[in-house]
Amino acid sequence: MLTAFADKIAARIVGFCAVVLIALAATAGIAWAAYTDNMYPTQYANAGCFSEEPNARQSTCRTDNATLTYYMDSGGEFELETPDRDDVRATMSSDYNPTDLSVSYDSTPSFSGSAETDIIYQEGSADIPSSVDGMTWCNNASDLDKCDQQYVRIRGAGSYTRGLACHETGHAVGLVHGNVSSPMKTNTDTRLGCMVTPVGSTTSLGSNNIENINNTY
Ligand SMILES: [Zn+2]
């Protein structure tokens, strides 16, 4: 009886110590340890977020808050066809909605003011550098790190895939390539999930990106 009681006390003490250690780790900032920090700004990607035109895209940003609204062009030069729309919906529902981001489709998008629709998806090749199949740019920077509205434009004719939609959406929420992650990784490191480049057609977000998103938003 006494032994059992002593064991219970000992278990409590061990439990208490574990709680103290976790609290100390959190205080010291070491409780969260992703494979690599690939959320803008990183040690190697920190040049600021600016409003830009697609043909002069240079900066990197992250979206301005955890409420992520998106719209897919439904007419005109950059309209998404059904297969393209299915790829965007797939990455939003299977990759991004399960994170701490609150993802929703905005069928009445806003293009002005301080709470614009966060991501506008387009299909087309205008202004896309010949070396890539898609790009993301900020239309309305809200501060040096964040953007209120970003555009994702991906080439048509087989280039629009869930993997590439996941990759470009990753840039819009602030995820960067391996060569500017901290610690640096190769751009083809598979632990970067859909942020590898080039990316496979069905590659999903992956645990490192999810950790970085959930630690930020
Ligand atoms: Zn990229």
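This is a predicted model: local features need pLDDT of at least 70, side-chain atom pairs count only at pLDDT 80 or more; totals for chains, interfaces and linings use all residues.
**Entry 1**

I then asked which side chain meets that of Arg153 in a salt bridge. I found that of Asp127, with 3.8 Å from N to O. Asp127 lies in the loop between strand 4 and strand 5, whereas Arg153 belongs to strand 6 (residues 146-154), so the pair ties together parts that are 26 residues apart in sequence. I recorded Asp127 as partly exposed, at 39% relative accessibility.

**Entry 2: further salt bridges**

I wrote down a count of 4 salt bridges, among them the one between the side chains of Asp133 and Arg155, at 3.5 Å from N to O. Asp133 is in the loop between strand 4 and strand 5 and Arg155 in the loop between strand 6 and helix 3, so this pair ties together parts that are 22 residues apart in sequence. Asp133 is partly exposed, with a relative accessible area of 39%, while Arg155 is buried, with 18%.

I also looked at Asp95 and Arg162, whose side chains meet in a salt bridge at 2.8 Å, N to O. This pair links distant parts of the chain, since Asp95 sits in helix 2 and Arg162 in helix 3, 67 residues apart. For Asp95 I noted a relative accessible area of 5%, and therefore a buried residue.

**Entry 3: the zinc ion**

Which residues coordinate the zinc ion? I found His167, His171 and His177, each through NE2, at 2.0 to 2.1 Å. Along the sequence I read the spacing of these donor residues as H-x3-H-x5-H. His167 and His171 are 4 residues apart in helix 3 (residues 162-173), which means that about one helical turn separates them. I noted both His167 and His171 as buried.

**Entry 4: strand 2 and its neighbours**

I turned to strand 2 (residues 67-72), where 5 of the 6 residues are buried, so the strand is largely enclosed by the rest of the structure. Strand 2 pairs in the parallel sense with strand 3 (residues 102-105) over 4 bridges, and I found Leu68 opposite Val103 of strand 3. Strand 2 also runs parallel to strand 4 (residues 119-123), joined to it by 3 bridges, with Tyr70 standing opposite Ile119 of strand 4. Finally, I noted that strand 2, helix 2 (residues 82-96) and strand 3 form a β-α-β unit, and I recorded its hand as right-handed.

Methods. Residues are numbered from 1 along each chain as its sequence is written. Side-chain values use heavy atoms; hydrogens and water are left out. Buried means under 20% relative accessible area, exposed over 50%, partly exposed in between (1.4 Å probe, protein chains only). Helices (H or I, at least four residues) and strands (E, at least two) are DSSP runs, numbered from the N terminus. Two strands pair if DSSP finds at least two bridges between them. A crossover is right-handed if, with the strands pointing away from the viewer, the path from the first strand over the helix to the second runs clockwise. Donors are N, O and S atoms within 2.8 Å of the metal (3.2 Å for Na, K and Ca); water is not among the atoms, so sites may look incomplete.
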